[in-house]
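Please read the notes below alongside the sequence and the model.

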Amino acid sequence: MSPGRQSPPPPLAANDFVLLYRSFDSIIQIPALTPGGITNCRHGAFHHDDIIGKLTWGETIEPRTSQEKFKRGMVLVRPTPALITDTVRHRTQIIYHGDISMILTGLDVRPGKKVVEAGTGSGSLSTSLIQALRHHGSDRSLDGHLYTFEYHEPRFIEAKSDFERYGFSDIVTIQHRDVIHDGLPDELVDMDAVFWDLPAAWKCITTAKKHLREGGLLCTFSPCIEQVMKNCAAMEADGFTGIHTYECMLKEWGVMSTTKLNRTRKRGRDDRAKPNAVSGNVDEQLSWIRVYGTVSLQLPMYTSVRIWNVFRHASPSNVVQFHENPFDLPFSVQADHLLDLEDVMAIYRDNYEGTQFDLTKGILAGPFHSPYRLEGGEGEAEVPGQFARGISIPRTAYTMIGYPDPDNAVLYYSEDAPATSLFVPFLCKTLSEAGDMELAETANLYAKQFQVGYKGDFSNAKETAWWAFDFVSNWMAVNYDNMSREFVKPAIKYWQPKLLEASLSKSTATCKALQESVVQYWWKLSDTLVVRYNDGFYNFPPSDPAAVEHIGYPADFLAMIGYSNYFYTPQYVQPATSSITAEEVVTRHSTIQVFLILLVGAFVGFVTGFNLEKIRRRRRLSTPNHATATPATQSGYARLFDPLL
């Protein structure tokens, strides 16, 4: 080996922390390589056994897939703080590169320094602090040290585990501690820098002063200008000098090389590569979405259908022509009328019903007309494609609508997917008042259920609002069409006007009472849905507490898949060019075929009904049966269901 050249790194081993890299916006974490383990993503299924002992940093791992043309290798990359920030699981809102750089520079973080951080969260900033404190020689005594604190115990446990996995345990000390109430440990003295990422950092300025050395540096990170003003006032009162406030605006530019530009022109996958998409022609009309829109158009229907649908709601009398490429849609449309709050809520809840993109129709909607689609996974890696999605999707965390009335500003807040949730009002004057208080002190201002909750723990779920709406939304997967039609949509229709009326009252007490009521109701609704829709039956309605009714598959679904007498063995279907109804299937059979099918069906129905009646008689309670027969609905179901709850 020639002088100055390094030997290649050894092959990766079990438990190594690895990143799979394909592009700057497609990086996958493998927390620990595991014998027999598989990491699935949209690029394929990557088997850990193909890495362990065989490949090292910088080499490419190919996925195992049956179709050669869909193989997309990924490079094995050593984790860095920047890449960890890009891939870390968001337990909280994280701090990104631009702010991290400002913080590291402002606090003069370098090897040998002692730094305190409160508000560990997801650990995005922590990893960069640790990297800056690490001396890159062999003498570990020259390292600095990070003392970080997290008040939320589940986040503390996960962050501690992450630091151990990253190999940072020797340079970081993490504790479960509420710094706002309990301060810092007495043994932390003469710290070089303190960083507060806390909801009320102004309450900890004196704490920082107590533990900093003379000339030490303090940085607070706050999302609201009101918090910043309080922080600055508290710093000045405690004798800090040289106080500055910065906002770091990070703008990502989609500049690409000439080679890649030509390649994307050939593929037609990026509108920026088309002639005149970005040019110096002063006569060319400005395209807002080309300048500020998405960089990638690999899945254009994600964006274009959403934009088109918003325009459709705003201007139903003159619906704009649909374009698959969102860059070809107009910047704006003239609305037919002034949109009100309910119009905006309807846009968020819409699943394109009645349009060519109706998410409740077709094979991906399943037998029960669910508008939700499962994104990603090994399947899409091996069989690429795309589908539309509504604004309301299963992984929606929350939706907010701001109503900036000068006399009564209101924030309408919806937990989980808005299609199956409610927009609950929070008066802005109430939120402003709450900003000056501790969390426990705000109990009289808005419902506690909206203050607590952690989606990583279901043990205290019924004390939270998020879990109430999330649970109902997920349970609806059992039979979305029936639950939506018979329970959830009527509940929304009943409660949403009451919530809008409460916001007009300008009363904190009225809004708080409604906030508590809807959460309690939604948990009662969830309990009801679990009982009613269980084991494939509709169970124990109030009209007949002993009844267990069949739901079955709807007729339109059975017609779509060509259901017949031959489904006692696995059957497979091919894509159809148009929808089909049960009536159309019946007309395709001759009179004799129909007669024979009905005869067999009648016999099976008689035997089944006779046995079911014996079972029901054994289970019958003393309550008389008041159920009445009703016509089938358009979706092919008989109306079996009782009114709300």
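The numbered points below go from the whole chain to single elements and residues.

1. Basis. This is a predicted model, in which local features need pLDDT of at least 70 and side-chain atom pairs count only at pLDDT 80 or more, while totals for chains, interfaces and linings use all residues. Residues are numbered from 1 along each chain as its sequence is written, and side-chain values use heavy atoms, with hydrogens and water left out.

2. Overall content. The protein has 19 helices and 17 strands; these are DSSP runs numbered from the N terminus, helices being H or I with at least four residues and strands E with at least two. Of the 645 residues, 41% are buried (buried means under 20% relative accessible area, exposed over 50%, partly exposed in between, with a 1.4 Å probe and protein chains only). Where contacts join residues at least 6 apart in sequence, 58% of them link residues at least 24 apart; contact means heavy atoms within 4.5 Å.

3. Helix H14. This helix spans residues 465-475 and is mostly covered, with 8 of its 11 residues buried. The buried set consists of Ala465, Trp466, Trp467, Ala468, Phe469, Asp470, Val472 and Ser473. Their cover includes strand S13 (410-415), helix H15 (480-504) and helix H16 (508-532).

4. Helices H2 and H3. H2 (residues 97-106) packs on H3 (residues 124-133) at an angle of about 40°, and their axes are 10 Å apart. H2 is therefore oblique to H3. Axes here are lines fitted to C-alpha atoms, for helices over the stretch in contact, and angles run from 0 to 180 degrees between N-to-C directions. Angles under 35 degrees count as roughly parallel, over 145 as roughly antiparallel, 65 to 115 as roughly perpendicular and the rest as oblique. From H2, the contact uses Ile100, Ile103 and Leu104; from H3, Ser124, Leu125, Ser128, Leu129 and Ala132. By class, this contact has 6 nonpolar, 2 polar and no charged residues.

5. Thr92. This residue lies in the loop between helix H1 (81-87) and H2. Thr92 counts as partly exposed because its relative accessibility is 23%. Beyond residues up to four places away in sequence, Thr92 touches Gly121, Ser122 and Arg155. The C-alpha atoms of Thr92 and Gly119 are separated by 9.8 Å, and the two residues are 27 residues apart along the chain.

6. Ser503. Leaving aside neighbours within four places in sequence, Ser503 contacts Asn408, Val410, Tyr412, Pro425, Leu427 and Cys511.

7. Positive phi. Most residues other than glycine have a negative phi. His369, not a glycine, has a positive phi of about 60°. His369 sits in the loop between helix H11 (341-349) and helix H12 (377-382), and its relative accessible area of 10% makes it buried. Asp416 also has a positive phi, near 60°. Its place is in the loop between S13 and strand S14 (424-427). Asp416 counts as buried, at 1% relative accessibility.

Conventions:
Ala, Val, Leu, Ile, Met, Phe, Trp, Tyr, Cys and Pro count as nonpolar, Asp, Glu, Lys and Arg as charged, and the others, Gly among them, as polar.
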